[in-house]
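Welcome, and thank you for taking a look at this structure with me. Let us walk through it together, one part at a time.

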Amino acid sequence: MLGPSGCGKTTALRILAGLELPDAGRVLLGDRDVTRLQPRDRDVAMVFQSYALYPHMTVAENIAYPLDLRHVEKTERKRAVQEVAELLEIGHLLDRRPKQLSGGQRQRIALARAIVRDPQAFLMDEPLSNLDAKLRASMRGELKRLQKRLGATTIYVTHDQAEATTMADLVAVLHDGVLEQLGPPLEIYDRPATRFVATFVGSPPLNVLPGILDAERRAFVVTGTPVPLAETVFEACRQHRVTELGVRPEDLAICGPGEAAALPGEVYVVEPLGNETLVQVRIGDSVVALLVGRGWDAPIGAPVGVALEPSTACFFDPDGRSAVHRIDRPEARRPDRAAARGEPQTRERSVL
Amino acid sequence: MATAAAYVARRRRTQGAGLDRVLPYLLLAPTLLLVLAVVVYPIVYGVRQSFLNFRFGHAVGSVGFDNYRQLFHDPAFGQALWVTLKFVALAVTVETVLGLGLALLVAGALPFTRVARLVLVVPMIVTPIVVGIVFRLIYASDVGLLTTLRKDIFGGGPVFILDKGWSAFLGLVALDVWEWTPLMFLILLAGIQSLPVEPFEAARVDGAGGWRIFVDQTLPMLRSVLAVAIALRTIDAFTTFDQVFVLTKGGPGTSTQLISIYGYNTSFKFAEFGYGTAMLLAVALVVLALAALAVRLIRREARQ
């Protein structure tokens, strides 16, 4: 579950856990209706954002507690704790108390406490958000491996789109308490259902340019420059009365200011990222971001052109819904990127 | 800058007169004198007195530690000590259990907390003497509240509380419970409200029911707050005097004669000021030790 803070993803997770009652609707676990069941009767394990370890218990006691509550025999309990501790490489911490542990270690204990139970589903509420950036990146991979190994359904809440796209089989994008889109990460990326999803997923975010449809020229006009559209795309755009064009930074290219069909702009800022360069260009009242090769540079205010391949653009209607998706044909992509990404699926030109 | 300059100027002025050094002490003097007069002097006087022998209210000579030694041979003191221990143990236990129960009840229902806090604080702010008088009126066998209620509702006879040893003792415990449960309640409520929420939710998801959560989570996490509250209340209960003095004066017999009452009687009824002070100082030392323990607990709590 992906969304900005305050979008309701944690609340949704708490409803799944049984810590909160839904105002309406049902909670199904498999075929079982658990809407009115107490958390303990649901057989789900939760990893809290703050880890929620029991401060007065040792690490071993923390991990064993769910088993203790299920009246698991002491020797069996000990064995299970050992096993999980080994899996998560926390065997040397078992006699410590949570207070004596670092954030990353606490995070592992919280995971261990959830895993030891072998529940039907794992619920994770931003488990990595309290870790520093480096540890977060490595734990992300560890978590994914662990999940694959355990094979249990895991619902993972995060506001970090990188975590969502790297770890999930299915991403649910939430915004203001509304489910905006549910789908595999690449579909979310390539075919965002709404303007919100399109701009929330992807870094740097998708560029949005306002403009108007020109029936005579069969084009979408951005600050006076027509972006010519294919007939089917234009028809779909007209039908939905689109007002905005969206394009990913990697689908834009820099060209000379005078070139035909290029959007004229001026350099807003140039940010070298190492292997590539993020350039922000002011076009009319908007600033678009695009990625170019390393070493590219220009002074602020220098006139440049932005080349836009119409088949990579998507269009939004006035309500922010996607009217036309970005078209995901390999030949429509810049060849260097298409190769690097290893094109997952080839999709026919599609129009909503 | 202006204030710094003014400070230097003032320093120059006062330094010459030597006032600079004396001023802090001068300012402290009123408080210091007051403390010396009403705290230090009585203690020193009392300690000195506890080594003296009195006849008809007059000191007739020093007896060394005899007054203290006598404590071990005085059956009345033993009895008073026993009554005090019984009283403290019973009252503090009941107050802790009730206070904790109320705090848990109120902590769950947040909008209720304010009203409950307001209502429950009332007994604590009533003067102990007045509490004693009120309970005397409640327990009175002729016009008392209990008697009246029994008569009017059940048509029964008068209720006798203060005329039997065990019922008078329980009556006294009930008074103390009424007066001091709110303190326990307030301390424990604050303790409960300062606990983190997540471990309790984690315990619920991990499969704990209400009772296991209470035993495994609430109690251990409240341990230090509980210890401090019990220590404070125990120390206070040891020195209970006013309420007993008004309610039973220690009777019937010696059934409610706490050490404080016995010490008072020894001093002011039998004019044995030396023995009376020795007794109360001995108790004070015990309470002091308890207080030191409580302070240590509070410090440890603060460190955690």
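Predicted model: local features only at pLDDT ≥ 70, side-chain atom pairs only at ≥ 80, totals over all residues.

**A guided walk through the model**

Now step back to take in the chain as a whole. Chain A contains 10 helices and 19 strands. Its C-alpha trace spans about 80 × 45 × 30 Å along the principal axes. Of its 352 residues, 39% count as buried. If you consider the contacts in chain A between residues at least 6 apart in sequence, 60% of them join residues at least 24 apart.

How is chain A divided into domains? The domain assignment gives domain 1, residues 9-186, and domain 2, residues 194-341. Taken over C-alpha atoms, the centres of domain 1 and domain 2 of chain A are separated by 40 Å. Where the two meet, 7 residues of domain 1 of chain A are in contact with 6 residues of domain 2 of chain A. On the domain 1 side of this contact, helix H6 (161-167), strand E6 (171-175) and strand E7 (178-183) of chain A each supply at least two residues. H6(A) gives the most to that side, with 3 residues. By residue type, the domain 1 side that touches domain 2 of chain A divides into 2 nonpolar, 4 polar and 1 charged.

Next, let us look at a sheet in chain A. Three of its strands, in the order E3-E4-E5, form an open sheet with parallel pairing. Strand E3 (44-47) and strand E5 (153-157) of chain A are the edge strands, each pairing on one side only. From one strand to the next, the twist averages 15°. Strand E4 of chain A, residues 121-125, pairs with E5(A) in the parallel sense over 5 bridges. To find one such pairing by eye, look for Leu123(A), whose bridge partner in E5(A) is Ile155(A). Helix H4 of chain A, residues 103-115, packs on this sheet and touches E3 and E4 of chain A. The direction of H4(A) makes about 175° with that of E3(A).

There is another sheet to visit. This open sheet has 4 strands in the order E8-E12-E18-E19 of chain A, and its pairing is antiparallel. Its edge strands are strand E8 (207-210) and strand E19 (322-324) of chain A, each of which pairs on one side only. Here the twist averages 35° from one strand to the next. E8(A) pairs with strand E12 of chain A, residues 244-247, in the antiparallel sense over 4 bridges. Within this pair, Asn207(A) has Val247(A) as its bridge partner in E12(A). Helix H9 of chain A, residues 231-240, packs on the sheet, touching strand E18 (314-316) and E19 of chain A. The direction of H9(A) makes about 150° with that of E19(A).

Our last stop is the contact between the chains. How many residues does each chain bring to it? Chain A gives 17 residues and chain B gives 14 residues. On the chain A side, E3 and helix H2 (59-69) of chain A are the elements that give two or more residues. The residues on that side divide into 13 nonpolar, 2 polar and 2 charged.

Definitions and conventions
Residues numbered from 1 in each chain as written. Chains lettered and ligands numbered in written order. Domains from an automatic or database assignment. Nonpolar A, V, L, I, M, F, W, Y, C, P; charged D, E, K, R; others polar. Pairing = 2+ DSSP bridges. Axes fitted to C-alpha atoms, helices over the stretch in contact; angles between N-to-C directions. Buried ≥ 20, exposed ≤ 12 C-beta atoms within 10 Å, placed from the backbone.
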